[in-house]
Amino acid sequence: MMKVFYSETHRKHDPPFEVFDGGVRVPYLENPDRMDRILNALSETDWAEVTEPTDFGLDPIHAVHDRDYIHFLASCWTEWLDSEAKDKSTLLPSTFALRRNPQKPASLLGRAGYYMMDLSACIVEGTYQAALSSAHCALSAAQAVANGERSAFALCRPPGHHAGKDYAAGYCFINNASVAANWLSSKDKVALLDIDYHCGNGTQDIFYEREDVLTISIHADPDFEYPHFAGFADETGKGAGLGFHKNFPLEKGTDNARYLAALEEALSLIRRFEPKYLVVSAGMDIYADDPLGTIRVTTDGIREIGHRISGLGLRTVIAMEGGYNNDALGRNITGFLGEFK
Ligand code: SP5
Ligand code: ZN
């Protein structure tokens, strides 16, 4: 059996649209239906045990994120409703704070631009609650694994790996996998492997100067893909953390064989680090027919990736990240997770 931590609270986060390249409004790709597809596929297995997360409070979240940022997430919706804005369907700024020496402004839209990196981390009434329960799913999975489970799955929504210490980005608000990895790091050595199609820039930001948590991200080259400003091969950590971060940028059209070659390099770095725990940021948008992706890993390839990561023999927390081909999401996740049970 594998414990799957899941909360219905995610349904409260259901933004009406996001803004794509060129300013076009499209239906929000990171939608509640994703979870239904996964739950459906899990219910057809005989090994998934869906469980409510425990409430860990805010301390383990503040251990990773800036307090003022979390307070912004908690309070911005009420302020938004009190504001003069014409369309209040979702809080999105139109001006962004380049981290070149920005002042933190007082106005709501100013703070939204200060704390948001792009136009896909849309905030609605239930976003904060959903993001909290998503983080609690990751913490619950970490606790299960610390208590002796070989693996546990955090069915997180919203996802987390684009959220940095003090910013939301790319459908992410609280960095679930990082919160779990940091929580585990007080117990023993942790490595975090991010296989989402997009670079885990938020995770990179959070652990960049730390040597106690090895972070690795395999993703589409930021030279052409979101998040554009992080994920290059020459970003390897800073200060004490130098040498404890690794990016594997991949080209468009990367197939199973090419992907698995990069994965093998990542796995040997993890073996050399000799962690006790592994946290996997499991995005399924590497799938060949993902609407956001350009990588061509098949469902069999995803199962093989699971098989090889599982072969490390580490206590493993698997945290849900992206993946937007809802028709394929169920089988991709069960194929991947099935290798860890
Ligand atoms: C968790 C996660 O996977 N977040 C990804 C967020 C990506 N958002 C940026 C979308 C860029 C839109 N480009 C549209 C190209 C469509 N062919
Ligand atoms: Zn992604």
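Ligand 1 takes up the space of the second largest pocket. A pocket here is an open set of points on a 1 Å grid over the protein atoms alone, with protein on both sides within 12 Å along at least five of seven lines, and a molecule sits in one if more than half of its atoms lie within 2 Å of its grid points. The model is predicted, so to speak of local features takes a pLDDT of at least 70, side-chain atom pairs count only at pLDDT 80 or more, and totals for chains, interfaces and linings use all residues. Residues are numbered from 1 along each chain as its sequence is written, chains are lettered from A and ligands numbered from 1 in the order in which they are written, and side-chain values use heavy atoms, with hydrogens and water left out.

Around ligand 1 there are 14 residues, with Asp21, Gly170, His198, Asp285 and Tyr324 coming nearest; being near takes a heavy atom within 4 Å. Sorted by class, this shell splits into 5 nonpolar, 6 polar and 3 charged residues, with Asp, Glu, Lys and Arg as charged, Ala, Val, Leu, Ile, Met, Phe, Trp, Tyr, Cys and Pro as nonpolar, and the others, Gly among them, as polar.

As for polar contacts (N or O pairs within 3.5 Å), the side chain of Asp21 puts an N or O atom 3.0 Å from a nitrogen of ligand 1. A polar backbone atom of Gly170 is 3.1 Å from a ligand nitrogen, while His198 has a polar side-chain atom 3.2 Å from a ligand oxygen. The protein covers 79% of the 510 Å² of accessible area that ligand 1 has on its own (Shrake-Rupley method, 1.4 Å probe).

Methods:
A polar contact is a pair of N or O atoms within 3.5 Å; within protein, one must be able to donate a hydrogen and the other to accept it, and residues adjacent in sequence count only if both atoms are side-chain atoms. On a 1 Å grid over the protein atoms alone, a cavity is a set of points where a 1.4 Å probe fits but cannot get out, and a pocket is an open set with protein on both sides within 12 Å along at least five of seven lines; lining residues have an atom within 4 Å of a point.
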